[in-house]
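Here are my notes on the model, as numbered points. Please read them alongside the coordinates.

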Amino acid sequence: MAVTDYDFHLFDLDGTLVDAEWEYTRAVFDRVGGRLGREFSDREARVLWSGLGGSRAETLRGMGVDPEAFWPAFHSVEDPVARAEATYLHDDAARLLDRVEEVGGPTGLVTHCQEFLAEPVLDRVGLDDRFDAVVCCTDETGWKPSPDPIETAMRDLGVDPTRGRGYYVGDGESDVAAAWNAGLDAVHVERVGHDERERGVLGDRRVRRLDELVDAS
């Protein structure tokens, strides 16, 4: 599959198009741990940040952490300016997005990254004008793997998977499931490697670099 095979394009953000420097991630979990009275190891921080264990809610429960307590603490310690300054755009993502722009077709972003963080991040990496629709997941829009946030983005784009062909690219199991639940092809990009993830992730296409989709067949 290549982007030229599709009528519209949807992407995840963190871990897919961009990533944050480890020093920022470590600092966030140090602050969250201070609020919750519990230290997070480097491994736990990496697993939760990148969703390496599948459902983050289940991962948290397995660590003995209440998700209802974790997420408010997590969002309260994130600094939009610091997050943006620590974020970088993957070069292969930049190449793919340039190709998508050449090919044309409605393009959207569906992310668990909250709006107060996503906006400065997109501005920082020069993607603030690259998407026709941006959906930041909330309790109202729904959370992946539910198809609801992707379906919201498709409505905003004016597209329908029954009348046009679309795909969603993400780095986690919930991204693949959300794509399939919404009737889209799923592309999984493996940024961390199978050894660190300790599990494989299915998808209609699995890649190490997003620019494998530029002219692939």
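1. Start with Glu102 and Arg99. Their side chains meet in a salt bridge, at 3.1 Å from N to O. This is a predicted model. Both residues sit in helix H6 (residues 91–103). They are three residues apart, about one turn of the helix. The two ends of the pair differ in cover. Glu102 is exposed, at 59% relative accessibility. Arg99 is partly exposed, with a relative accessible area of 22%. Elsewhere, salt bridges with shared partners link Asp91, Arg95, Arg209 and Asp211 into one network.

2. Next, Glu78 and Arg83. Is this pair buried or exposed? The two residues form a salt bridge, and their closest N and O atoms are 2.7 Å apart. Glu78 has a relative accessible area of 7%, so it counts as buried, the cut-off being under 20%. Arg83 is also buried, with a relative accessible area of 3%.

3. A further pair is Glu212 and Arg205. Their salt bridge has its closest N and O atoms 3.8 Å apart. The cut-off for a salt bridge is 4 Å, so this pair is counted. Glu212 is partly exposed, at 31% relative accessibility. For the whole structure, the search returns 18 salt bridges.

4. Now the negative charge on the surface. Which residues gather in the patch? They are Asp66, Glu68, Asp139 and Glu140. Glu68 belongs to helix H4 (residues 67–77). Glu68 is exposed, with a relative accessible area of 65%.

5. Turn to strand S1 (residues 8–11). Both of its faces are covered. Phe8 and Leu10 are buried on one side. His9 and Phe11 are buried on the other. In a regular strand, side chains alternate between the two faces of the sheet.

6. S1 has strand partners to check. With strand S6 (residues 166–170), S1 pairs in the parallel sense over four bridges. Phe8 has Gly166 as its bridge partner in S6. S1 also runs parallel to strand S4 (residues 107–111), joined by three bridges. On that side, Leu10 has Gly108 as its bridge partner in S4. His9 has Thr107 as its bridge partner there.

7. How many residues of S4 are buried? Five of the five are, so S4 is largely enclosed by the rest of the structure. Both faces are covered. Thr107, Leu109 and Thr111 are buried on one side, and Gly108 and Val110 on the other.

8. S4 also pairs with strand S5 (residues 133–136). Four bridges join these two strands, which run parallel.

9. Last, a loop residue. Where does Pro161 lie? Pro161 is in the loop between helix H8 (148–157) and S6. Pro161 counts as partly exposed, at 29% relative accessibility. Its C-alpha atom is separated from that of Asp14 by 24 Å. Along the chain, Pro161 and Asp14 are 147 residues apart.

Notes:
Residues are numbered from 1 along each chain as its sequence is written. This is a predicted model: local features need pLDDT of at least 70, side-chain atom pairs count only at pLDDT 80 or more; totals for chains, interfaces and linings use all residues. Side-chain values use heavy atoms; hydrogens and water are left out. Patches are made of residues with over 30% relative accessible area and no salt bridge: like charges are joined within 9 Å, nonpolar side chains (Val, Leu, Ile, Met, Phe, Trp, Tyr) within 5 Å. Accessible areas come from the Shrake-Rupley method with a 1.4 Å probe; for residues, only the protein chains shown count as cover. Lys and Arg count as positive and Asp and Glu as negative; His and the chain ends are not counted. The place of a charge is taken as NZ of Lys, CZ of Arg, CG of Asp or CD of Glu. Buried means under 20% relative accessible area, exposed over 50%, partly exposed in between (1.4 Å probe, protein chains only). Two strands pair if DSSP finds at least two bridges between them.
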